[in-house]
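Visitor: I have the model open. Please walk me through it.

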Amino acid sequence: MLAELATTAATGHDRAQILWHVLDCPACQRDLAELARTADELLLLAPQQRPPEGFDLRVVRRIQDLTAARVPQRPATARWRRATIRRLFPRWDGPAPVPARTLRAARRALVGAMALILAAGIGAGTVLWRTAPDRQLADQYRHGLVVDDDQAPKSAPVTTDAGLVVGHVYLFPGTPAWILVALTAAPQPGGYTMSVVTTGGVRYGAGICQVSGQVGTAGYPLPVAVSQVASIEMTRPGIRLDVRP
Amino acid sequence: MGVTDDGLLAGMAAGDAQAASAFVRRHQARVFGLALTIVGVPAVAEEVAQEAFVRAWRFAGAYDPRRGAVTTWLLAIARNAAIDAVRLGRDRPYDPDVLIDMISQVNDGQTDDYPEQLADAHRIRAALTQLPHDQRVAVVLAAIYGLTAREIAEREQIPIGTAKTRIRLGLARLRSQLEVRDE
């Protein structure tokens with residue numbers, strides 16, 4: 001299965017299973033790194049093609065626009081912060097420090113709509129939204145096997161109120177930091193809304209983990225550094241799961 | 001050759017427009033070519049290629065030269081961006097034979113400012129052609145086009161286990177052959 005991960009051929013659940021094992025297996029880490037390098041080298045075979053005139057100027061202009069958008073060094077308001085993150089991660093619905101009641105209602109409606117679309121499996125855009133961060137996460141992991149200790153991925157169990165372990169969460173440092181949730185024995189199927197609580201007590205929305213049967217995986221960028229994550233909550237009506245990294 | 005790829009990438013990450021422009025010009029043909037190979041539509045390929053460079057700028061701090069060359073790192077970013085785009089139109093038919101023929105051809109008509117990269121491409125192409133056809137197709141569809149094992153199985157009308165085996169054996173053989181040639 002390492003070859004599937006190295007070539008991005010592994011799907012979400014398989015990918016989570018592989019990562020779960022690889023995290024604790026130095027031999028597989030080495031194998032995965034070598035296979036990934038081999039797979040990436042194949043990209044050199046794609047024929048070169050000159051892009052349309054002015055391509056480089058358009059790229060530089062885009063980067064300059066994004067740089068300019070970063071100029072306000074300190075986000076003055078939650079609205080500014082959300083707008084900036086949405087600009088940087090246009091397909092990601094967050095972060096959202098605990099919003100006003102109206103925003104919560106709107107968010108719940110959006111979450112519900114997304115869950116329906118996901119369950120129906122008919123939203124190509126949703127597939128894009130779900131698979132892109134997942135793939136980027138795996139890619140980041142593939143390329144992040146050789147890291148300093150303080151940059152190493154962290155993992156933590158997902159537990160029920162009764163202390164039963166129902167899955168694991170993996171936190172990957174980087175820019176941005178990433179989170180991968182893998183539930184293997186979820187109490188109920190459906191969408192679990194994830195929230196990240198920082199060491200400073202601020203709560204951010206962190207996406208939804210869709211569970212089919214008892215199994216579900218989801219990958220999202222984190223709105224804060226891994227070191228700032230105090231806990232993660234996963235909730236759906238009547239159920240609350242906790243993670244303490 | 002002037003400034004190294006690493007140097008230009010660092011300059012781009014630091015906001016140096018000249019470095020960014022030089023970095024883009026140096027790699028734009030490879031990135032656009034890969035994007036066009038995957039998405040098949042020039043306008044979409046340009047958008048994908050632009051996005052790849054923006055992602056490279058954004059994540060430049062995560063690049064580690066110990067893990068591989070800037071070129072392959074950048075192309076992996078471009079592949080991911082292209083896969084994201086093509087997911088919206090997954091019903092587009094793939095023709096692996098055309099693809100295999102294309103990448104199996106000697107790169108005669110192309111020039112490359114970096115002879116070592118051209119040599120790498122020849123070396124990889126030679127190793128790829130040593131694989132059995134089925135494995136070659138599976139590896140290329142997975143590694144370049146980003147198809148999952150299930151998608152390859154559906155496309156090739158084979159059991160998913162067979163698709164996984166072809167990917168695994170093909171990539172392992174490719175790695176072995178490249179290792180032998182590296183020694």
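**Contacts, burial and helix packing**

Guide: Setting aside neighbours within four places in sequence, A:G167 touches A:A156, A:P157, A:V158, A:A182, A:L183 and A:T184, contact meaning heavy atoms within 4.5 Å. This is a predicted model: local features need pLDDT of at least 70, side-chain atom pairs count only at pLDDT 80 or more, and totals for chains, interfaces and linings use all residues. Residues are numbered from 1 along each chain as its sequence is written, chains are lettered from A and ligands numbered from 1 in written order, and side-chain values use heavy atoms, without hydrogens and water.

Visitor: Is A:G167 buried or exposed?

Guide: A:G167 lies in strand β2 (residues 165–172) of chain A; strands are DSSP runs of E, at least two residues, and helices runs of H or I, at least four, numbered from the N terminus. Buried means under 20% relative accessible area, exposed over 50%, partly exposed in between (1.4 Å probe, protein chains only). A:G167 has 1% relative accessibility, so it counts as buried.

Visitor: How are α1(B) and α4(B) oriented to each other?

Guide: The axes of helix α1 (residues 5–13) of chain B and helix α4 (residues 70–86) of chain B come within 10 Å and cross at roughly 50°. Axes are lines fitted to C-alpha atoms, for helices over the stretch in contact; angles run from 0 to 180 degrees between N-to-C directions. Under 35 degrees counts as roughly parallel, over 145 as roughly antiparallel, 65 to 115 as roughly perpendicular and the rest as oblique. α1(B) and α4(B) are therefore oblique.
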